[in-house]
Amino acid sequence: MNYYYVKTEERLAPAFLLALVLILALMYLNFRSLGDVAISLITLFLAVVWTFGLAGALGWKLDLMAGMVPILVLGLGIDFSFHVLMGYREKLNLGPKDAMKAVLSTVGVALLLAMVTTVVGFSSNAISSLPSMRRFGFLSAFAILSVFVLNVTFVPALKVLRPSAPPARRKGRARLAIGALSDKRFAGLLVISAFLVAAVGWSLGLGMKASYNPTGELAKDLRVTKAYELLNSKFDIGTERVYVRVDGNLTDPALWGRLQIAVQRMADDKYVVKSGGKPAVEWLLSALPMIAAENPGSVKPTPSLIGTGTAGLTQT
């Protein structure tokens, strides 16, 4: 399974490249400047390098969850660059230095709040009992923090050294959107539609069932994934071991009798693997000889119960 997990991680590279190409196209359409596109990409690249440099310093390994952090940084980090650079270009009439000061005092505050909420959200993975989830949450939070720091320090420094030209005015589409939203009937229809979609999502979401699939994080065309799906669809097999805790007085013969009956009744459950018509269940009685051999003083027979057909034991 570890081998195929690595194979699946390798397939994240094309997804990262595809996301990068789409983001490049959107950035160029928005900025109309190769220089600003380059600044955004360098900022994202530095944030990714900072993040995985920290992971390497902590001695962490690159797993499937950590491999998704760069794609996450592309999706979330690019927004910071959009706001800073476009805000700067809109205020260039104040001069390069004053324009950047105005952006940091307005847009910068909004980005700070967005960064804090995002970092807190990803940091909540720290309560997970899964190490990979904890590392993913920490790396994601640190990556977003890095993007913010770079956008309020590195990007302003570059723009002061290399000022941009004022952007062309493109207010036609904005006026059209504002005019549509100012219509009360259209605005009311949007609000109702949003609640209707949410109601459908609520209904479908509550109907979801919790499950675990060992191959759920693997690519669908891998041999191990196909084999697992074939076994589960064509054969009645078990895929996990369940441990049942029993509380009671081990010196009570009735407890052992009830345990034996419970084991026998497990054959009626279709989810319990069977061997020769009997449930494939291991219980405490079968382990007692090994326990007694390792520690003879831990378990000993009760003379009054020998030969009665019930396992009588005394715990010492």
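**Close-up views of a predicted model**

Of the 316 residues in the protein, 27% are buried (under 20% relative accessible area; exposed is over 50%, partly exposed lies in between; 1.4 Å probe, protein chains only). The model is predicted: local features need pLDDT of at least 70, side-chain atom pairs count only at pLDDT 80 or more, and totals for chains, interfaces and linings use all residues. Residues are numbered from 1 along each chain as its sequence is written, and side-chain values use heavy atoms, with hydrogens and water left out.

**View 1. Overview of the fold.** The protein has eleven helices and four strands (DSSP runs numbered from the N terminus; helices are H or I with at least four residues, strands are E with at least two). Among contacts with a separation of 6 or more, 65% join residues 24 or more positions apart (contact: heavy atoms within 4.5 Å). The accessible surface is about 21200 Å², and carbon and sulfur atoms hold 66% of this surface (Shrake-Rupley method, 1.4 Å probe; for residues, only the protein chains shown count as cover).

**View 2. The largest nonpolar core.** This core has 37 residues (buried Ala, Val, Leu, Ile, Met, Phe, Trp, Tyr and Cys joined through side-chain atoms within 4.5 Å). Met 27, Phe 31, Val 69, Val 73, Phe 80, Tyr 88 and Met 115 have the most contacts inside the core. At least two core residues come from each of helices H2 (12-31), H3 (34-57), H4 (69-90), H5 (96-123) and H6 (131-161). A second, separate core has five residues, including Tyr 5, Leu 218, Ala 219 and Val 224.

View 3. Thr 43 lies in helix H3. Thr 43 counts as buried, because its relative accessibility is 1%. A polar side-chain atom of Thr 43 sits 2.7 Å from the backbone oxygen of Ile 39. Not counting residues up to four places away in sequence, Thr 43 touches Leu 150, Asn 151, Phe 154 and Val 155. Thr 51 is also placed in helix H3. Its relative accessibility is 1%, so Thr 51 is buried. Beyond neighbours within four places in sequence, Thr 51 contacts Val 69, Leu 139, Phe 142, Ala 143 and Ser 146.

**View 4. A nonpolar surface patch.** Phe 45, Val 49, Trp 50, Leu 145 and Val 149 make up the patch (residues with over 30% relative accessible area and no salt bridge; nonpolar side chains Val, Leu, Ile, Met, Phe, Trp and Tyr joined within 5 Å, like charges within 9 Å). Together these five residues have about 440 Å² of accessible area. H3 and H6 each give two or more residues. H3 supplies the largest share, three residues. Val 49 lies in helix H3. Its relative accessible area is 41%, so Val 49 is partly exposed.

**View 5. Leu 104 and its contacts.** Leu 104 belongs to helix H5. With a relative accessible area of 31%, Leu 104 is partly exposed. Leaving aside neighbours within four places in sequence, Leu 104 is in contact with Val 109, Val 152 and Pro 156. Leu 104 and Asn 151 are 47 residues apart in sequence, and their C-alpha atoms are 9.5 Å apart in space.

**View 6. The salt bridge.** A search of the whole structure finds one salt bridge (a side-chain nitrogen of Lys or Arg within 4 Å of a carboxyl oxygen of Asp or Glu). The side chains of Arg 245 and Asp 247 form this bridge, at 2.9 Å from N to O. Both Arg 245 and Asp 247 are exposed.

Methods: A polar contact is a pair of N or O atoms within 3.5 Å; within protein, one must be able to donate a hydrogen and the other to accept it, and residues adjacent in sequence count only if both atoms are side-chain atoms.
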